[in-house]
Amino acid sequence: MNCDRAGRVERVFEMVRKEFRQIFRDPRMRRVIFVAPMIQLIVFGYAVSTDIRNTSTIVVDHDRTQRSRELIDAFTASGYFRIVEASTEPRDVVAALDHGRAIVGVVIPRGFTPDVEGGVGGDVQILVDGTNSNTALLARGYAERIVQQFGARIAGADASQTVTLDERAWFNPDLASRNYNVPAVIGVIIMLVSLLLTALAVVREREIGTLEQLQVSPLTPGELIAGKTIPFGLIGLADLTFITIVAFLWFNVPFRGALPLLFGSS
């Protein structure tokens, strides 16, 4: 019994060693294992972003009061919007959005200040270029929140009598897309390495004509599967370690939890 078990372990070990030698001999496989994760990490970390900053904005202020200027200052102070043009004609907003000079248009009507200070609630028109739907939705959400917070601040004591929703994100307070995208690479890499590359390793055996040799070898189906999956499982954990280190040190993605739990679940 012990000899048979030792024989199975030895066969699996030799299969794993053969697999590692084939992996590092193939330059295409090396690129898939080591270069592809780096490219994905850069793309997800830098190119793929759902954050908006300094969104070009045109303002039409018909009210021209201190309150309307305070609202405009609230837009610029948020960091999400940058005033690139100011006008008194509504048609300039349409022209700016049509020609791409601005993504967001803010129109403050006359009588805005009396309505806000009187508790009626002032109206502000927000126009958004919907060419990029993701940017448009985010810009609209930020603009609506700025206007609502401005109105509540001006209302003062009256606003305290209403029921308001105070949202707070626990695990990503800044809602930074990088903190979502970079950890997602971990799941993508593990899926790529564990599933795709293992399947390619089996297909490669047929391509080079060695699958028949494996079929007539003393290897059992379970030993063959173990020999094919263990190398890529170890490579997947190595890629996981590399991505995690880069996420911490380069992208400053915060980590809350236990590293053993991360590696164990992976």
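## Terms

A pocket is an open set of grid points with protein on both sides within 12 Å along at least five of seven lines, and its lining residues have an atom within 4 Å of a point.

## Overall fold

This is a predicted model. The protein has 266 residues, and 33% of them are buried. Its secondary structure consists of ten helices and four strands. Read from the N terminus, the order of elements is α-α-β-α-β-α-β-α-β-α-α-α-α-α.

## The second largest pocket

The second largest pocket holds about 410 Å³ of space. Its lining comprises 17 residues, and those nearest the centre are P183, V253, P254, F255 and R256. Two or more lining residues come from each of α7 (177–207), α9 (221–249) and α10 (259–265). Of the elements, α9 contributes the most to this lining, with four residues.

By residue class, the lining of the second largest pocket contains 14 nonpolar residues, two polar ones and one charged one.

V43 belongs to helix α2. Is V43 buried, exposed or partly exposed? V43 has a relative accessibility of 34%. Buried means under 20% and exposed means over 50%, with partly exposed in between, so V43 counts as partly exposed.

Note on methods
Residues are numbered from 1 along each chain as its sequence is written. This is a predicted model: local features need pLDDT of at least 70, side-chain atom pairs count only at pLDDT 80 or more; totals for chains, interfaces and linings use all residues. Side-chain values use heavy atoms; hydrogens and water are left out. Buried means under 20% relative accessible area, exposed over 50%, partly exposed in between (1.4 Å probe, protein chains only). On a 1 Å grid over the protein atoms alone, a cavity is a set of points where a 1.4 Å probe fits but cannot get out, and a pocket is an open set with protein on both sides within 12 Å along at least five of seven lines; lining residues have an atom within 4 Å of a point. Grid points are joined across faces, edges and corners, and a volume is the space filled by probe spheres set on the points. Ala, Val, Leu, Ile, Met, Phe, Trp, Tyr, Cys and Pro count as nonpolar, Asp, Glu, Lys and Arg as charged, and the others, Gly among them, as polar.
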